[in-house]
Amino acid sequence: MLEHIVFYSLSTLVLVCAIGVVTMRNTVHSALCLGLCLAGLAGLFASLGADFLFAAQVMVYVSGIAVLIIFTVMLLGRASDLHLRQVNDQWMAALLICAVSSEGLLKIARFFSGTLATTAAKPATRDIGRLFLGEWMIPFELVSLVLMAALLGAIFFSRSEASR
Amino acid sequence: MTLAHYLTVAALLFLIGLFGVLTRRNVIGILMSIELMFNAANVNLAAFDRFLHPEGVAGTTLALLIITVAAAEVVVGLALLMAIHRNLGTAYVEDFNLLKG
């Protein structure tokens, strides 16, 4: 029973905030909605028993990416943006594409409608560490290379023209 | 809770993100919608890991890699957006037409 309450309240929060992200006219409001949506997703990970993923979601997404996006919105925003339409003319076609794709995606979901969890969730942090430093060593190193490249790219692109 | 519940939530989140990518005029809005789609994929991976493969952690680990790549993507995207905004003075995608000729 408790599991149902947690799942339905978290998924309602996530979906309502996600609709807010794509429909809000004020970009600051949609950035704040994004933060709330990511926090709700962290709760969903916790309800799935993925403890380390929950911690990573809170640390990277909620306190990193959401804050970064809010900073950028506040740097770039102008008061005149509030009077402009934020949605382009093709929203009908986009809605049609989403309706067609939803058919296939929900069919996949229906296929697993009888699948229940067989065992209780257990802490996974130790196994993740072993996997990263053992079998998945090369992806782990590649991802650190990607982070290094992103760091250098961000510094390079955000410098002013004069200092280049 | 069955696996279908989690897959449905992830599918709806992905479709909302897809709708946002296709319709938002602001580049920051498009970046935020892409984040929603990444997160839908992560929910799927975590759910499959929990329900179909409970003795391993490969799904969770792959989701962690996705989180890392998403962070790198958003950092570079926002830096590019700042550079474009400095040059063109706008954040709306239909004004980014320098290559149109």
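In this predicted model, A:Ile70 sits in helix α3 (residues 51–76) of chain A; helices here are DSSP runs of H or I with at least four residues, strands being runs of E with at least two, and both are numbered from the N terminus. Leaving out residues up to four places away in sequence, A:Ile70 touches A:Ala31 and A:Leu32, where contact stands for heavy atoms within 4.5 Å. A:Leu34 lies 36 residues from A:Ile70 in sequence, and the two C-alpha atoms are 9.5 Å apart in space.

Because the model is predicted, local features need pLDDT of at least 70 and side-chain atom pairs count only at pLDDT 80 or more, while totals for chains, interfaces and linings use all residues. Residues are numbered from 1 along each chain as its sequence is written, chains are lettered from A and ligands numbered from 1 in the order in which they are written, and side-chain values use heavy atoms, without hydrogens and water.

Chain A is divided into domain 1 (1–78) and domain 2 (122–164), with bounds that come from an automatic or database domain assignment. The centres of these two domains of chain A, taken over C-alpha atoms, are separated by 22 Å.

Turning to the interface, the contact takes 83 residues from chain A and 68 residues from chain B. The size of an interface is often given as the accessible area lost when the parts come together. Between chain B and chain A, the buried area (accessible area, 1.4 Å probe, that two parts lose on being put together, summed over both) is about 6,900 Å², and carbon and sulfur atoms give 77% of it. B:Met1, B:Arg24 and B:Arg50 supply 11% of the area that chain B buries against chain A, more than any other three residues. On the side of chain B that touches chain A, the elements giving two or more residues are α1, α2 and α3 of chain B. The largest share of that side, 25 residues, comes from α3(B). By residue class, the side of chain B that touches chain A divides into 47 nonpolar, 15 polar and six charged residues; Ala, Val, Leu, Ile, Met, Phe, Trp, Tyr, Cys and Pro count as nonpolar, Asp, Glu, Lys and Arg as charged, and the others, Gly among them, as polar.

Across the interface of chain B and chain A, 14 residue pairs are in polar contact, both residues being at pLDDT 80 or more. A polar contact is a pair of N or O atoms within 3.5 Å; within protein, one must be able to donate a hydrogen and the other to accept it, and residues adjacent in sequence count only if both atoms are side-chain atoms. The count of salt bridges between chain B and chain A is zero, a salt bridge being a side-chain nitrogen of Lys or Arg within 4 Å of a carboxyl oxygen of Asp or Glu.

Over all chains, the structure holds one salt bridge. The side chains of B:Glu94 and B:Arg25 meet in it at 2.4 Å, N to O. B:Glu94 belongs to the segment after α3 (58–88) of chain B and B:Arg25 to the loop between α1 (3–23) and α2 (27–52) of chain B, so the pair ties together parts that are 69 residues apart in sequence. B:Arg25 is buried, at a relative accessible area of 15%, whereas B:Glu94 is partly exposed at 40%; buried means under 20% relative accessible area, exposed over 50%, and partly exposed in between (1.4 Å probe, protein chains only).

A:Thr115 lies in the loop between α4 (91–111) and α5 (125–133) of chain A and is buried, with a relative accessible area of 18%. Apart from neighbours within four places in sequence, A:Thr115 is in contact with B:Met1, B:Thr2, B:Leu3, B:Phe51 and B:Leu52.

Within chain B, B:Ala40 is found in helix α2 and is buried, with a relative accessible area of 3%.
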